[in-house]
Amino acid sequence: MKFPRPVVLLLALLHVYIGVRLLLPFGAVTQLVGGALLAVCFWLLPKGFRIREDARPWAVMLPWLTMGFFSWLLVLTLLRDAGLIASALALSPQVHESWIRISAIGVMALTPAITLAGFFMARRVAPVVDVEVPLAGLAKELEGFTIAQISDIHAGQTIKRNFVDAIVDRVNLLQADMIAITGDVADGSVQDLAHHTEPLARLASRHGTYFVTGNHEYYSGVHEWIRELRRLGARVLLNEHVVLDHDGAALTVAGVTDWSAHHFDPSHQSDPHAAAQGAPAHALKVLLAHQPRSAPFAEAAGYHLQLSGHTHGGQFWPWHLLVRLQQPFTAGLNRLGRMWVYTSRGTGYWGPPMRFGIPSEIALIRLVGE
C-alpha cells in the first residue's frame, strides 16, 4: 500500500520547511550538502506501510529507521523555532543572532544521536519490569503468583526469528506461574511469518501460555493466526476463560478479542461480560485485553486485574502524548474503580525501530495481598 499523494506532498513540504529553517543561517556549501541529505531522507522514507519482504535486511530496515530520524528532525526543528521566538523576545539582538546558528547546529547534532540511541534501545532484548499488584482478600495460596506478560512483538519486516528467540529465552528464565501474550504477535501472514514466531512454542511456565488477539492479527488473517498460536501451544481466549487451580486456590484467567475485532468478524465482538460467564463467583479474575479501553467494561464485569498492551507506551517522544486521545491509559499500573489495569509498553516495536525514552518491556506481574 502506498501513501496517497497528499501525504507525499505534505512530507515534501515538511522537508523544505526543515531545510529553510536549519540551513539558511549557513553558507552555500553547507546549504548544498544539507539539502542533498534532506533529499536522501525524503527518498528513503517508506512510501507506505509495506516494504518488499524479499529485499536485503538493511534495505528493509533503513526506510523505517529514516522515518524515526525524520520524526526527531521535525520535532526538534519545531521546538527550536518555538525557542527562537522566545529568545527574540527575551534576549538582545546580538545574542539572538548567535543563538540562531547554535540552535541549528544543536538540532543537526542531536537528531542522529537520538536516532542511534533509540535504535539500539528498540533492537535490544526487552528488559524485565517487576510489577507488584496489591489485591484485597488475596488467597494465601496466590500470594506471589507471577504472570510474565509479553505484548506487541510485531514480528514482521524488521523483527525476525532471532529477536523472538531472545524474548523467549528471557521469559523462560523468569520461571513464571503463567505467561500472557496480549496481542499483536505479528505484522503479516502466517505463511510469511510462521518461521519467525515459531520460538513462541518454547515458552514454559507452570500453568501455560494464554493469548488474546490484537488489532494486527485482524489485519493479517486472524483465523490463521489463532490456529498458529494454538499449534505453538498457547491457549487462545476468545471471550472465554479458564480456571486455574494453584495449590488449591482458584484463579480465573479470561481473555477478550480485540476492541476492534467486530469490524473484521462480527462474531468476534469483544465482550468482557461473556468472557467471565460461569466463572467461580469468589475467585480472583484476571482479564487479558489487548487495548486498555476495554477497562471500563471489565471493571463493570467484576474483574480485579486487566493486562493490556497496544499503546507501546507511545513508543517514542512526543507521540506518546497522542495515546491518551484514544486510550484511558498509556503505560504502567493504574487504578480504575475496583480494578487494576496494567498496560505494557510492548516487547517489540512497530514501524520505526525507535524506542528513545520509552523502553520496551517484559512485565513480571506479581500478585500480593493488600
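**Strands and their partners**

Colleague: Which residue of β7 stands opposite Val242?

Modeller: Val242 faces Val253 in β7. This is a predicted model, where local features need pLDDT of at least 70 and side-chain atom pairs count only at pLDDT 80 or more, while totals for chains, interfaces and linings use all residues. Residues are numbered from 1 along each chain as its sequence is written, and side-chain values use heavy atoms, leaving out hydrogens and water.

Colleague: Thanks! How many bridges link β6 and β7, and in which sense do they pair?

Modeller: Seven bridges link β6 to β7 (residues 249-255), and the sense is antiparallel. Strands are DSSP runs (E, at least two residues; helices are H or I, at least four), numbered from the N terminus, and two strands pair if DSSP finds at least two bridges between them.

Colleague: What's the strand order in that sheet?

Modeller: The order is β6-β7-β8-β9-β11-β10, six strands in an open sheet with mixed pairing.

Colleague: And which strands sit at its edges?

Modeller: β6 (240-246) and β10 (332-336), and each of them pairs on one side only.

Colleague: Do β1 and β12 run parallel or antiparallel?

Modeller: Parallel, with eight bridges joining β1 to β12 (residues 362-369).

Colleague: Which residue in β12 is the bridge partner of Val131?

Modeller: Ile365 is the partner of Val131 there.
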